[in-house]
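Hello,

Here is the structure we talked about going through. Please open it and keep it beside this email as you read.

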Amino acid sequence: MAAPPTPAATTIKPVSGPAARADVPPDAGFTLRVDGHFKNQFETLAQATQAATDLKSRFPILRIEIYDAANKARLPI
């Protein structure tokens with residue numbers, strides 16, 4: 001008994017660019033750096049600080065910094 005043929009794809013997935021690397025600093029904004037890897041990106045320092053303190057309160061063992069791309073500085077939390 002032969003297997004039925006597979007149906008042709010009816011949807012086309014959009015082509016996306018390469019994924020952002022976790023070891024390359026971003027060009028703009030504020031980014032959370034968690035255990036040495038760049039994670040979420042924010043437009044303002046206040047948003048980044050809020051996210052970092054929430055994450056630190058849930059997982060106190062993590063090393064969390066805020067990376068300021070304009071000044072190329074790391075701010076510890």
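This is a predicted model: local features need pLDDT of at least 70, side-chain atom pairs count only at pLDDT 80 or more; totals for chains, interfaces and linings use all residues.

Asp68 touches Gly29, Phe30 and Ala73, leaving aside residues up to four places away in sequence. Its place is in strand 3, which covers residues 64–68. The side chain of Asp68 does reach the backbone nitrogen of Ala70, at 3.2 Å.

Next, the aromatic rings. The structure holds one aromatic pair. Phe38 and Tyr67 form this pair, and it is edge-to-face. The centres are 5.4 Å apart, with 70 degrees between the planes. Phe38 lies in strand 2 (residues 37–42) and Tyr67 in strand 3, so the pair ties together parts that are 29 residues apart in sequence. Are these two residues buried or exposed? Both Phe38 and Tyr67 are buried.

Last, look at Pro76. Pro76 is in strand 4, residues 73–76. Its relative accessibility is 71%, so Pro76 counts as exposed. Pro76 touches Ile64 and Glu65, again leaving aside residues up to four places away in sequence. Pro76 and Glu65 are eleven residues apart in sequence, yet 4.5 Å apart in space, C-alpha to C-alpha.

Best wishes

How values were computed
Residues are numbered from 1 along each chain as its sequence is written. Side-chain values use heavy atoms; hydrogens and water are left out. Helices (H or I, at least four residues) and strands (E, at least two) are DSSP runs, numbered from the N terminus. A polar contact is a pair of N or O atoms within 3.5 Å; within protein, one must be able to donate a hydrogen and the other to accept it, and residues adjacent in sequence count only if both atoms are side-chain atoms. Contact means heavy atoms within 4.5 Å. Rings of Phe, Tyr and Trp (its six-membered ring) pair if their centres lie within 6.5 Å; planes under 30 degrees apart count as stacked, over 60 as edge-to-face and the rest as tilted. Buried means under 20% relative accessible area, exposed over 50%, partly exposed in between (1.4 Å probe, protein chains only).
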